[in-house]
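Here is a quick tour for someone meeting this protein model for the first time. Have a look at it, and then we'll go through its pockets, helices and rings.

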Amino acid sequence: MVSSQTTCCLWALKPLFDDAGSKKFPFDMWMPVNPERPPQYAFGYAFQLLTISMSAFIYFGVDSIALSMVIFACAQLDIIKNKILNIKSHSSEQLTRRQLINNSDYLEDNLRKLKNCVKQHQCIITFTEMVENAYHTFLLFQLSGSVGIICMSALRILLIDWHSMQFLSIFLYLSVMISQLFVSCWCGHELTATSEHLHSVLHECAWYEQSLEFKKILLVAMMRMERPLVLRAGHYISLSRPTFVSILRMSYSYFAVLNQTT
């Protein structure tokens, strides 16, 4: 958020430093005002600065909500892991003497814990699908747009004077876009990695000392948890660290081609 607002401020300072002596707006676009008249120039200048700052806040808000939901799902998966690992065995010192005597209550309590874990896992799957359905279009636009933005920004940096305010603003803007892309891919990767590790945690519980029904439910749960949770952009592109690297490679390829032609 700080980096994006700093970029907006540098864009606002560009006409004052790089275009000193001539009244220009931060962005070259049609405006229904005359920059030669001071009141209209101030109004147009403030309008462009306000709108670009608001767009940065909106993008930050959408990213924060979507990615915090993904991290929330990862936290819920960690809670399931902790519950499964806390399933008690006969040799556990945490068992009371009464629980050891009444073996049926002990087995029933562990079975109840497993059923709750399975229900919670199903709720996490539903929650993840809801997040993907809500934000898959936004994430697809972000991933596809990042390729062109990174490519064109890097190409623009080579064509302008590095002492100018425009160079600083574009360089900071490029770093913001790359960091935004990395955070999205990192959150998706964490969701997949956490759900994959959940399958191996099932082997670590004391399943061999439980009832037959416990073992049957555990077997079905293991078959389902073999498929990790994946957050996809556009229901097609998975968010992961390899995806982040692929986007950077694609952007560099386009950048190299355009750089040779210019």
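Which helix gives the most to the lining of the largest pocket? That's α2, with eight residues.

## Before we start

This is a predicted model, so local features need pLDDT of at least 70 and side-chain atom pairs count only at pLDDT 80 or more, while totals for chains, interfaces and linings use all residues. Residues are numbered from 1 along each chain as its sequence is written, and side-chain values use heavy atoms, with hydrogens and water left out.

## The largest pocket

The largest pocket has a volume of about 620 Å³. A pocket here is an open set of points on a 1 Å grid over the protein atoms alone, with protein on both sides within 12 Å along at least five of seven lines; lining residues have an atom within 4 Å of a point. Volume means the space filled by probe spheres set on the points, which are joined across faces, edges and corners.

Of the 26 lining residues, Ser4, Tyr59, Val176, Met177 and Gln180 are closest to the pocket's centre. Two or more residues each come from α1 (2–17), α2, α4 and α5. Helices are DSSP runs (H or I, at least four residues), numbered from the N terminus. By class, the lining has 14 nonpolar, eleven polar and one charged residues; Ala, Val, Leu, Ile, Met, Phe, Trp, Tyr, Cys and Pro count as nonpolar, Asp, Glu, Lys and Arg as charged, and the others, Gly among them, as polar.

Searching the whole structure turns up one cavity of 30 Å³ or more. A cavity is a set of points where a 1.4 Å probe fits but cannot get out. Its lining is made of Met69, Val70, Ala73, Phe127, Thr128, Val131, Leu191 and Leu231. Here α2 and α4 (103–159) are the elements giving two or more residues.

## How α2 meets α5

The axes of α2 (residues 38–85) and α5 (residues 165–201) come within 10 Å and cross at roughly 15°. Axes are lines fitted to C-alpha atoms, for helices over the stretch in contact, with angles from 0 to 180 degrees between N-to-C directions. That makes α2 roughly parallel to α5, a label for angles under 35 degrees. Their contact has 16 nonpolar, five polar and four charged residues.

## An aromatic pair

The structure holds ten aromatic pairs, meaning rings of Phe, Tyr and Trp (its six-membered ring) with centres within 6.5 Å. In one of them, tryptophan 11 and tyrosine 173 sit 5.3 Å centre to centre with 50° between the planes, a tilted pair. Tilted covers what is left once planes under 30 degrees apart count as stacked and over 60 as edge-to-face. This pair links helix α1 to helix α5, with its partners 162 residues apart.

Terms used: Parallel < 35°, antiparallel > 145°, perpendicular 65-115°, else oblique.
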